[in-house]
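Let's take a walk around the ligand site and the pockets of this model. Keep the 3D view open as you read.

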Amino acid sequence: MQEDIKVIKGHEHIRYSHVHYNHEEMIERSTKFYDWMETRRSVREFSDKPVPKEVIENVIKSASTAPSGAHKQPWTFCVVSNSEIKKQIREAAEKEEYESYTKRMSEEWLDDLKPMATDWNKPFLELAPYLIIVFKRPFEYDAEGKKHQNYYVNESVGLAAGMLITAIHDAGLVTLTHTPSPMNFLQKILERPDNERPFLLLPVGYEAEEVYVPNNKRKGLDEIAVFYE
Ligand code: IYR
């Protein structure tokens, strides 16, 4: 098929049109999508049941469709299925988490976390078949070794992470946004270059049998949206 191309301000553009639905179809689709998203929960107990690598590749490709500042796509997704590396990550994360839970976190923070029943133990870091570690890339090196800053890096990588979580949910798998703090150990263990910084760690897999999640309630539309009509 011949692409419809137009040069705008000296740069090639391709003709684009999105699918259209009538109002009724749109309402039905958006309601169904919301009902589906409403079933997503952060899960902290995983099964070691294997997941096809192709699913992981697909969810990462979906995440990378996110918009980004100047289309720099300032992210790298590291996928760990190697048990030895998972073990190293768990040991390093638990060491930091132990320090955080026993020394670094404020009373108010620990109080706020009580409903989640979390602690420094992170067995999911070894149990889940895959760990996806999202790195942000604040800058790039060109072929001459010169640094070039990326733009809106946190926003861009946050958007990609949200889309990754959505794709994981859609595939019928569960995840957790884990942010061990500080998490520089991930850079060392995974031997990442100095233009990458760990952003988020997501264990991906099936939930454990008979898993319970916090009975968290979501804010209602009237609490999160303001309409100016
Ligand atoms: N990083 C710790 C603590 C933690 C912090 C927040 I904010 C949470 O919503 C959940 C946990 C941990 O992963 O346990």
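The ligand has Glu-97, Tyr-101, Met-105, Trp-109, Leu-113, Lys-122, His-178 and Thr-179 around it, where being near means that a heavy atom of the residue lies within 4 Å of the molecule. Keep in mind that this is a predicted model: local features need pLDDT of at least 70, side-chain atom pairs count only at pLDDT 80 or more, and totals for chains, interfaces and linings use all residues. Residues are numbered from 1 along each chain as its sequence is written, and side-chain values use heavy atoms, with hydrogens and water left out.

By class, that shell splits into 4 nonpolar, 2 polar and 2 charged residues. For these classes, Ala, Val, Leu, Ile, Met, Phe, Trp, Tyr, Cys and Pro count as nonpolar, Asp, Glu, Lys and Arg as charged, and the others, Gly among them, as polar.

| Side chain | Ligand atom | Distance |
|---|---|---|
| Glu-97 | nitrogen | 3.0 Å |
| Tyr-101 | oxygen | 2.5 Å |
| Lys-122 | oxygen | 2.4 Å |

How much of the ligand does the protein cover? On its own the ligand has 380 Å² of accessible area, and the protein covers 69% of that (Shrake-Rupley method, 1.4 Å probe). Two elements give two or more residues to the shell: helix 3 (83–104) and helix 4 (107–113). Helices here are DSSP runs of H or I with at least four residues, strands are E runs of at least two, and both are numbered from the N terminus.

Now for the pockets. The ligand takes up the space of the largest pocket; to sit there, more than half of its atoms must lie within 2 Å of the grid points. A pocket is an open set of points on a 1 Å grid over the protein atoms alone, with protein on both sides within 12 Å along at least five of seven lines, and lining residues have an atom within 4 Å of a point.

The largest pocket has a volume of about 580 Å³, counted as the space filled by probe spheres set on the points. Its lining has 27 residues, with Arg-44, Leu-113, Met-116, Thr-118 and Thr-177 closest to the centre. Helix 3 gives the most to this lining, with 4 residues. Sorted by class, the lining holds 10 nonpolar, 8 polar and 9 charged residues.

The second largest pocket holds about 280 Å³ of space. Among its 18 lining residues, Arg-44, Glu-45, Met-116, Ala-117 and Thr-118 lie nearest the centre. This lining has 11 nonpolar, 3 polar and 4 charged residues.

The peptide bond from Ser-181 to Pro-182 is cis, with omega near -5°, and Pro-182 lies in the loop between strand 7 (174–175) and helix 7 (184–189). His-71 is not a glycine, yet has a positive phi of about 50°; His-71 sits in the loop between helix 2 (53–63) and strand 3 (75–80).

Conventions: A polar contact is a pair of N or O atoms within 3.5 Å; within protein, one must be able to donate a hydrogen and the other to accept it, and residues adjacent in sequence count only if both atoms are side-chain atoms. On a 1 Å grid over the protein atoms alone, a cavity is a set of points where a 1.4 Å probe fits but cannot get out, and a pocket is an open set with protein on both sides within 12 Å along at least five of seven lines; lining residues have an atom within 4 Å of a point.
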